[in-house]
Amino acid sequence: MPLYEHVFLARQDLSQAQVDALAATATEIVEANQGKVVKTEAWGLKNLAYKIKRNRKAHFVLLNIEAPAGVIAELERQTQINEDVIRYMSVRVDELEEGPSVQMRKSDRERTRRRDREEM
């Protein structure tokens, strides 16, 4: 079955619970169409390089999906309708990344550096 990475950006004024609900809705859409969400990662609130629909920040969420192409088309259609999602992108990949993504490893590295500086 084809593998996909689906990333969406949610508006900055949403709470983390609302962002988690958006991710859960996306998961339900995939599973209702015989797909499977392998991993969900919330990358948190990050600055954008430029304003998108009057937002300077956005909540980033990654979904690793194992599903036929029709499922991704339906997910993108539903995501387009949602006013809370300001951007999205789905990419077909050869294999899904094991463990935490690069974004999650980056934040772990920064926390470690901060902790080391505070101990000095």
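Tutor: A residue is called buried under 20% relative accessible area, exposed over 50%, and partly exposed in between, with a 1.4 Å probe and protein chains only. The model is predicted, so local features need pLDDT of at least 70 and side-chain atom pairs count only at pLDDT 80 or more, while totals for chains, interfaces and linings use all residues. Residues are numbered from 1 along each chain as its sequence is written, and side-chain values use heavy atoms, with hydrogens and water left out.

Student: Is Lys-39 buried or exposed?

Tutor: Lys-39 is buried, because its relative accessible area is 18%. The residue belongs to strand β2, which spans residues 36-52; strands here are DSSP runs of E with at least two residues, helices are runs of H or I with at least four, and both are numbered from the N terminus.

Student: What does Lys-39 touch, beyond its neighbours within four places in sequence?

Tutor: Lys-39 is in contact (heavy atoms within 4.5 Å) with Leu-62, Leu-63 and Asn-64, and also with Glu-97, Gly-99, Pro-100 and Ser-101.

Student: And which residue is its salt-bridge partner?

Tutor: That partner is Glu-41, with the closest N and O atoms 3.5 Å apart. A salt bridge requires a side-chain nitrogen of Lys or Arg within 4 Å of a carboxyl oxygen of Asp or Glu. Glu-41 also counts as buried, because its relative accessible area is 8%.

Student: How many salt bridges does the structure hold?

Tutor: There are 4 salt bridges. One of them joins Asp-84 to Arg-11, whose closest N and O atoms lie 2.7 Å apart. This pair links distant parts of the chain, 73 residues apart: Arg-11 sits in strand β1 (residues 3-11), and Asp-84 in the loop between α2 and β4 (85-93).

Student: How accessible are Asp-84 and Arg-11?

Tutor: Asp-84 is partly exposed, because its relative accessibility is 22%. Arg-11 is partly exposed as well, at 24% relative accessibility.

Student: What about the pair Glu-74 and Arg-77?

Tutor: Their side chains meet in a salt bridge with an N to O distance of 3.0 Å. Because the two residues are 3 apart in helix α2, about one helical turn separates them. Glu-74 is partly exposed at 23% relative accessibility, and Arg-77 is partly exposed at 40%. Elsewhere, salt bridges that share partners join Arg-11, Asp-13 and Asp-84 into one network.

Student: Changing topic: how do α1 and α2 cross?

Tutor: Their axes come within 9 Å and cross at roughly 145 degrees, where α1 covers residues 16-32. The axes are lines fitted to C-alpha atoms, for helices over the stretch in contact, and angles run from 0 to 180 degrees between N-to-C directions.

Student: Which residues meet there?

Tutor: From α1, Ala-26, Ile-29 and Val-30 take part, and they meet Val-71, Glu-74, Leu-75 and Gln-78 of α2. Glu-74 in that group also has the salt bridge to Arg-77.

Student: One more residue: where is Ile-72 found?

Tutor: Ile-72 is in helix α2, residues 69-81. Ile-72 counts as buried because its relative accessibility is 6%.

Student: And what is around Ile-72, leaving aside neighbours within four places in sequence?

Tutor: Ile-72 is in contact with Tyr-4, Ile-65 and Ser-90. Tyr-4 lies 68 residues away along the chain, yet its C-alpha atom is separated from that of Ile-72 by 8.3 Å.
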